Amino acid sequence: MLLLLLGTSSLGVVNAETSLNSKSLGVNQKTANCIGVVKDAAGETIIGASVVVKGTTNGTITGIDGDFSLPNVTVGSVIQISYVGYQTTEITWDGKPINVILKEDAQTLGEVVVTALGLKREEKALGYAVQKVSGTELSTIKTVDIATSLTGKVAGLNVQNSTEFNAAPTILVRGENPLIVVDGVPYSNISLRDIASDDVESIDVLKGATASALYGARGGSGVIMVTTKKNKKEGLDISVNSSTMFNAGYLAIPEAQHSYSSGTGGVYDSYDYVWGDKLDIGRTAVQYNPYTYEWEEAPLVSKGKDNFRNFLEQGMSTNNNISIGWKGEKGGFRTSLNHVYNKGQYPNEKLHKLTYTLNGNVKLGKWTLEGGAIWNKRFFSNNLGSGYGGGGYIYNLIVWTGANYDVRDFRNYWVKGQEGSKQNWLYSGYYDNPYFLAYECTNSNDYDKLNTYGYVKYDITPWLNISNRTGVDFYADRTQTKNPIGAINMYDKNGYYSISKGTGFSVNSDLILSANHTFGDFAVSGLFGGTMYYYYDDSLSSHTNNGLSVPGFYSLNASIDPVSSSASYKSKRVNSLYGNLSLSWRDLLYMDVTGRNDWSSTLPVETRSYFYPSVSASLIMSEFINLPQWITFWKLRGSWTVTKSDLDIFDTMQAYSVSNNVWDGLNTATYPTSLRSSTLKPVTSRSYEIGTEFNLWQNRLHFDVAFYNKLKYNLTRQATISSASGFSSTLINYDEEQLRRGVEIAVGADLIKSKDWNWSVNVNWARDRYFYHKVDPVYSTQNQWVQDGLRWDWISTNDWERDPNGNLILYNGLPRKSEYQSFVGYEYPDWIWGINSTLNYKNWTLYVAIDGRVGGVAYNQTEQAMWNSGSHPDSDTPERYEEVVNGNINYVAQGVKVISGSVEYDTDGNILSDTRVFAPNDVPVSYQEFIQTYQPWSGNAAFQNYRSTTFFKIRELSLTYTLPKLACDWVHVKGASVSFIGQNILLWAKEFKYADPDIQNDNLNSPSQRFLGFNVKIDF
């Protein structure tokens, strides 16, 4: 920016591609300030480049605008400029401002990453693992949430994607929830879905606690650093980016049998279950006519065998962005408007998301000013319809109702003349008309969010500055829930209305004094600062009681009985002081030391203050020792830190709970039943990490390996205490310790690199494990799987009684559940992986992203629910036919029966003695009775329905054609491209058939959609 202030007419441009041995132009030998700007070949400023007077200790580094100032420089001195990934340049100073253009150096090419507090650092200087994703990787295949496009792109980043409408992906870094930081501000109220993909310059994932130590406890589980785009090039830039994708089939979708009707015991009824009569064999029954609203004798036929697919609608999403940027002599700005429209696969699912972004910066002498804002507005008409419950579409259409009706006949979901009070429907027990649910039983939401920040820096000297960065966010959220009179299995059969509103804000302000200087072979930089963090949330919720007095009038005033209301608020403040010291020697040895002290309002006064340090180091072995020529770069790194976490709000504060209209219209106030402790210590984590990174064959092949270890102690839990104290429990620190450790590997390769062809592949692999390091003999869970050294994420349930060979033991032909728990497996995957491939041929680019998870188990609720209700496709068996059509009960299950003897178990269910004698089972039973015993109600998970969540997906695909420069000039644009794009292309799952295991659980998951479409980009 200093370059712009001085004016290009006064600058002598030096290109590092040519000889830079400039000669003196007759300027007298005297000292003055040497000033200038350092840029790359694309004209973008370089931050953090080393500028030193050769042969002296007089040096500095470039600032945020690539500018530098060296005091007391003699005309004729040689100025040496260096930066990782670029060739070192030497210039003989002639007394004029310098404009330096550095050329990339293939021998040492590396990345600059954004670290804690928004500081940009050379990756080779870091002693911890950081992985970067460029914004260009996220701006072509655009759907609703940017997080989906991060899947498989970062080793150790586990993105679990949901198939539900408006459900954000779950993001885990090394198994834990990371902090989201945008432009250096750790907002309290922001997520990745609040950021438009076209506004992202880069995303840097700081994986360990050391990497994010300066953020304290909030960054203890890693940080995702989002840097938004700023206008870097001079002049005016206008960009338009539009993506549209449509549902093009399903990767996983539940299917139901269509041979048997609703009912039970082989008899049709319209009340419950799908164990009814045989369809399509000429039988009749009294059935409901949706056009006459009468019950009439009619054939039992499978006219609704495609009910669920017929109910689904064409899903689609559009993501459109326009941005305008300008940069002049003293500053610049960038603004963009993004609109996302998502039409869900169920009726009345429509999401609109608007994101407006504005940022700007200016350089005035020694002052640097910067600011920005992101405004989000999201609203949708209804997001109900998923999961196991009365409002679920799969629950109503697949699980609990049969193929004996056609759902399309019920589009007119009101009985004519009784609109608003009686739905047109054949079921009266538990299930509602799906169209009635979609359009009348709704949960709508409208929210606004504003995230703002301001940054000011003053350069006290060329090597010392003071800065302040303050971020403030606000949000307002409004949700309305409705169901009309006549609903069968929703909130209230007599009608229901609720409204909830939430507001809040947070403030995060940093004041930092920073310094940097070089002393010969040594470079020193450091900072000392303080942070004030505060957030406040306030919510209010009210709902009607016992129905609505006026059909269709959704208002609290329509409540038949007094409304129920609840209100809550919470606030928290953390004050912090911290410091950082960074040392380097000859650009080959680096060390960082940090310290932070927090004072938290949620801890007792006695333990409110707590300190945690960190240290990290890296050694560039390729600069330290002579290596074979094929090893271009080799680095060793290591780090260690301690992180402490405070408690939740009100964990140490006694507060009454107030309820209204509890008894005969009276209110109550209840004293808490949990005793608040004044001696609680903050939960503490000790982490260390070691790793190595090396490049081979002129950086054509890149490896990065990291091993991490994180120990948690001073954990808290509720403990039961004597009721004589007046309380039932208290929060304590207990002696259990938990250990997380893992390995991450990232490999990048330029397989082909020629004039017309380029092919690069990146592979990410990670393994994460969570263990009991130390078990508390009193307060830890008491069972055989909770022991020192065993995994923490175990799952157990009651298996069926079995003989020593694993056969089911049947009693009168039916299985019996064991009284003892059995080990099922581990919840978390054994490892996760991703492969990203980019193939370029001239103006064509083919991109493919594949990822998956291996291992881990989850309860497959969809399958068990369908088995129990009688709708599972595999329940259409000869035994069922024989029982329903011919009345023969002859199902003999595979298993054994006990002839004689007995068995004794210990407290864990291990056999102590067994004298039982077994024989093959030969007892016939009802097929329905056996299945409903072996596959009970889905709220009681059966052992056999825990399945492996191993899967892989072709996650993304794009084929892009970039218009040649000649064509762009002809249509007067700077650049343009058109792409065929796809997301969620193909799924292979080991044991999940009717649900997508990507989300790592199953609650009657909605169908997993394949999306195909196109993208168009134009730059003006």
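**Briefing: a buried serine, aromatic pairs and nonpolar cores**

Ser506 has its place in strand S28, which covers residues 494-519. The model is a predicted one, with a chain average pLDDT of 90 and 96% of the residues scoring at least 70.

**Ser506 and its surroundings**

- Ser506 counts as buried because its relative accessibility is 2%, which is under the 20% cut-off for that class.
- The side chain of Ser506 makes a polar contact of 2.6 Å with the side chain of Asp473, and a polar atom of the Ser506 side chain also lies 3.4 Å from the backbone nitrogen of Ser188.
- When neighbours within four places in sequence are left aside, the residues in contact with Ser506 are Tyr187, Ser188, Asn189, Gly471, Val472, Asp473, Tyr534 and Tyr535.

**Aromatic pairs and charges over rings**

- The structure holds 51 aromatic pairs, and one of them is formed by Tyr346 and Tyr393, whose ring centres are 4.6 Å apart and whose planes stand at 55°, so this pair is tilted.
- Tyr346 lies in the loop between strand S23 (331-343) and strand S24 (350-364), while Tyr393 belongs to helix H3 (residues 393-399), so the pair ties together parts that are 47 residues apart in sequence.
- Both Tyr346 and Tyr393 are buried.
- Tyr405 and Trp425 form an edge-to-face pair, with 5.4 Å from centre to centre and 85° between the planes; Tyr405 and Trp425 each lie in the loop between H3 and helix H4 (434-440), 20 residues apart.
- Tyr405 is buried, with a relative accessible area of 3%, and Trp425 is likewise buried, with a relative accessible area of 6%.
- The charged end of Arg791 sits over the ring of Tyr826 at 4.0 Å from the ring centre, and Arg880 lies over the face of Tyr260 at 4.2 Å from the centre of that ring.

**Nonpolar cores**

- In soluble globular proteins, nonpolar side chains tend to be buried together.
- The largest nonpolar core here has 39 residues, and those with the most contacts inside it are Phe308, Val399, Tyr405, Trp425 and Leu426.
- Two or more residues of this core come from each of strand S20 (284-289), helix H2 (307-311), H3, H4 and helix H6 (861-869), and H3 gives the most, with six residues.
- Leu426 touches Tyr268, Ser270, Tyr288, Trp295, Asn404, Tyr405 and Phe410, not counting residues up to four places away in sequence.
- A second, separate core of 25 residues includes Ile195, Ile203, Ile224 and Tyr453.

**A buried asparagine in a loop**

- Asn161 lies in the loop between strand S12 (157-160) and strand S13 (170-173), and with a relative accessible area of 8% Asn161 is buried.
- With neighbours within four places in sequence left aside, Asn161 is in contact with Thr148, Thr151, Pro169, Arg955, Asp998 and Ile999.

**Confidence of the prediction**

- Over residues 1-28 the pLDDT is below 50, although this stretch has 56 contacts in the model beyond near neighbours in sequence.
- Where pLDDT is low, the predicted coordinates should not be read in detail.

Terms used. Residues are numbered from 1 along each chain as its sequence is written. This is a predicted model: local features need pLDDT of at least 70, side-chain atom pairs count only at pLDDT 80 or more; totals for chains, interfaces and linings use all residues. Side-chain values use heavy atoms; hydrogens and water are left out. Helices (H or I, at least four residues) and strands (E, at least two) are DSSP runs, numbered from the N terminus. Buried means under 20% relative accessible area, exposed over 50%, partly exposed in between (1.4 Å probe, protein chains only). A polar contact is a pair of N or O atoms within 3.5 Å; within protein, one must be able to donate a hydrogen and the other to accept it, and residues adjacent in sequence count only if both atoms are side-chain atoms. Contact means heavy atoms within 4.5 Å. Rings of Phe, Tyr and Trp (its six-membered ring) pair if their centres lie within 6.5 Å; planes under 30 degrees apart count as stacked, over 60 as edge-to-face and the rest as tilted. A charge sits over a ring if NZ of Lys or CZ of Arg is within 6 Å of the ring centre and within 35 degrees of the ring normal. A nonpolar core is a set of buried Ala, Val, Leu, Ile, Met, Phe, Trp, Tyr and Cys residues joined through side-chain atoms within 4.5 Å. pLDDT is the predictor's confidence in each residue, from 0 to 100.
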